[in-house]
Amino acid sequence: MSNKMNTAADRDRRQQIGATRGRDLYWGMTVGFLSNIATLAILSMGSGLDLAISAVILGTLVFVLVNSFDCMDDLKANADDADEEEAKTHLGQKFAAAPWGMFKGLVTLIFGAMALSQLWVIWG
């Protein structure tokens, strides 16, 4: 028994999984960006809610990292399930060559820098 998904129904399922997890990744990042914009607006008003805002900033960072990494891992696993014929397609080759580590590093860098800079404004 193979650990690949080889039937036509499996291919359809893989396409649906890819579309769903890709959408989840976009929405998670959108929520992260909107949350950061909201916290920046609150910080600019000088609300004095330092601890509460810090919790929101850290919660947003954790949410975005967990969501993004999970979605990327699912997308990679989904691509790894392709049979030999599907893996030879342009899309299959692109997924196989995708720099998942770099993507995770960029998400960490971008959202981590936003969190650290906001926390620096509050506590620095």
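**Close-up 1. Trp100 and Phe103 share helix H5.** The two residues sit three positions apart, about one turn of the helix. The model shown is predicted. An α-helix has 3.6 residues a turn, so residues three or four places apart point the same way. Trp100 is buried, because its relative accessibility is 13%, and the cut-off is under 20%. Phe103, at 32% relative accessibility, counts as partly exposed. Their rings form an edge-to-face aromatic pair. The centres are 5.8 Å apart, with 85 degrees between the planes.

**Close-up 2. Phe95 stacks with Trp100.** Three aromatic pairs turn up in a search of the whole structure. In the pair of Phe95 and Trp100, the ring centres lie 6.2 Å apart and the planes meet at 10 degrees, so the pair is stacked. Phe95 is partly exposed, at 29% relative accessibility. Phe95, Trp100 and Phe103 together make one aromatic cluster.

**Close-up 3. Helix H5 spans residues 100–123.** The helix holds 24 residues. From first C-alpha to last it reaches 33 Å, close to the 34 Å expected at 1.5 Å a residue. Its buried residues are Trp100, Val107, Phe111, Gly112, Met114, Ala115, Gln118, Leu119 and Ile122. Helix H1 (8–45), helix H2 (50–80) and helix H4 (90–97) are among the elements that cover these buried residues.

**Close-up 4. Lys104 lies over the face of Phe69.** The distance from Lys104 to the ring centre of Phe69 is 5.6 Å.

Definitions and conventions
Residues numbered from 1 in each chain as written. Predicted model: local features only at pLDDT ≥ 70, side-chain atom pairs only at ≥ 80, totals over all residues. Heavy atoms only, no water. Helix = DSSP H or I, 4+ residues; strand = E, 2+ residues; numbered from the N terminus. Expected span 1.5 Å × (residues − 1). Buried < 20%, exposed > 50% of the residue type's maximum accessible area, 1.4 Å probe, protein only. Contact = heavy atoms within 4.5 Å. Phe/Tyr/Trp six-rings, centres within 6.5 Å; stacked < 30°, edge-to-face > 60°. Lys NZ or Arg CZ within 6 Å of the ring centre and 35° of its normal.
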